[in-house]
Amino acid sequence: NMTARQYKMPVLDMLPIAYFVNGDTGQKKTTKMAWDKKFIVAEEIAVIVPIPEAVLDDSDYDIWAETKPRIIEAFGKKIDGAILFGEDKPASWRSDVVTTANTAKSFVTLGADDNLYDKIMGVDGVIAKVENSGYFVNGHMADISMRAKLRELKDANGNPLFKSDMQSGTNYSLDGSSMNFPNNGSFDKSKALMISGDFSQLVYSIRQDITFKLFTEGVVQNTDGSIAYNLMQNDMVALRAVMRLGWEIPNPINSVEKDKTKRCPFSILKAA
């Protein structure tokens, strides 16, 4: 957890070098290590939900118990969209995952006639792009439409490639790494069909977890300054939810790819 709005994170930027000693009397050489620093900046997410008191009084179920999970879901959608695709992201946040992968040329394009298996598992596929940067893929995130594309893959005998039997439940995985299909509406398949990578390199820090506060008096204004609700005059109550968090991709130097402009722990599969 963050103790201030900005958190400084040290990231390895120079590797040590070892040397052979020339004979019994050879001198041992020295080497250097260096650290760069990256900053995680916490930004605020908030929403106000006004509800008339008459609706609360006449309701035969707990409205707030129904409202809070939906607010949490909305926060998750907003966070996922900003981090993965840069959707409505704060100016202080770094480039999103998809933009970062595109900048590092860590992407594979899937055409209508292309072999999906090769595009993912092949020597120049999505997984190999991550491995060429010195990372191992430990997870995948994909649009829901990718489920059908994977089910459709068959071998020469017409048997599904990613299903061993027809009785047990199917847990989607690729090359031993699990797949997740976000269904909160945040995944933009026009920018990426699938994101694969080392998700230990997608780090986040929470400055303030989601807090709820109920107001019975006050004025809710629109962005142009006009009054949307006067809680006292309109006999309304309002639930305010607030959260603050930040994120970063450390991407430290490794022995496989030392050029940080080409090194990326994530790769994307996108439609032609």
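Predicted model: local features only at pLDDT ≥ 70, side-chain atom pairs only at ≥ 80, totals over all residues.

1. Aspartate 175 sits in the loop that runs between strand E6 (173-174) and strand E7 (177-180). Although aspartate 175 is not a glycine, its phi is positive, at about 55°.

2. Aspartate 235 is not a glycine either, yet has a positive phi of about 50°. Its place is the loop between strand E11 (227-230) and strand E12 (236-248). With a relative accessibility of 47%, aspartate 235 counts as partly exposed.

3. On the overall fold, the protein chain contains 6 helices and 13 strands. Its radius of gyration is 25 Å, whereas the globule rule gives 19 Å for 272 residues, so the chain is more spread out than a compact globule. Along the principal axes, the C-alpha atoms fill a box of roughly 90 × 60 × 35 Å.

4. How much of the chain is buried? Of the 272 residues, 37% count as buried. Among contacts between residues at least 6 apart in sequence, 75% join residues at least 24 apart.

5. Glutamine 201 is a loop residue, placed between strand E8 (194-197) and strand E9 (203-215). Is glutamine 201 buried or exposed? Its relative accessibility is 11%, under the 20% cut-off, so glutamine 201 counts as buried. Leaving aside residues up to four places away in sequence, glutamine 201 touches Tyr135, Glu248, Ile249, Pro250, Asn251, Pro252, Pro265 and Phe266. Glutamate 87 is 114 residues away from glutamine 201 along the chain, and the C-alpha atoms of the two are separated by 20 Å.

6. Turning to charges, the protein chain has 32 positive and 35 negative ones, and the mean positions of the two sets are 10 Å apart. The count of salt bridges comes to 6. Three of these pairs are described in the points that follow.

7. Arginine 70 and glutamate 73 form a salt bridge through their side chains, at 3.2 Å from N to O. Both belong to helix H2 (residues 63-85), and because they are 3 residues apart there, about one helical turn separates them. Arginine 70 counts as exposed, at 56% relative accessibility. Glutamate 73 counts as partly exposed, at 39%.

8. Which parts of the chain does the pair of aspartate 88 and lysine 78 tie together? The side chains of aspartate 88 and lysine 78 meet in a salt bridge with an N to O distance of 3.2 Å. Lysine 78 is in helix H2 and aspartate 88 is in the loop between H2 and helix H3 (97-103), so the pair ties together parts that are 10 residues apart in sequence. Aspartate 88 has 56% relative accessibility and counts as exposed, while lysine 78, at 36%, counts as partly exposed.

9. Another salt bridge joins lysine 129 to aspartate 124, with the closest N and O atoms 3.5 Å apart. Aspartate 124 counts as exposed, its relative accessibility being 52%.

Definitions and conventions: Residues numbered from 1 in each chain as written. Heavy atoms only, no water. Helix = DSSP H or I, 4+ residues; strand = E, 2+ residues; numbered from the N terminus. Rg over C-alpha atoms; globule rule 2.2 N^0.38 Å. Buried < 20%, exposed > 50% of the residue type's maximum accessible area, 1.4 Å probe, protein only. Contact = heavy atoms within 4.5 Å. Lys, Arg positive; Asp, Glu negative; His and termini not counted. Charge placed at Lys NZ, Arg CZ, Asp CG, Glu CD. Salt bridge = Lys/Arg side-chain N within 4 Å of Asp/Glu carboxyl O.
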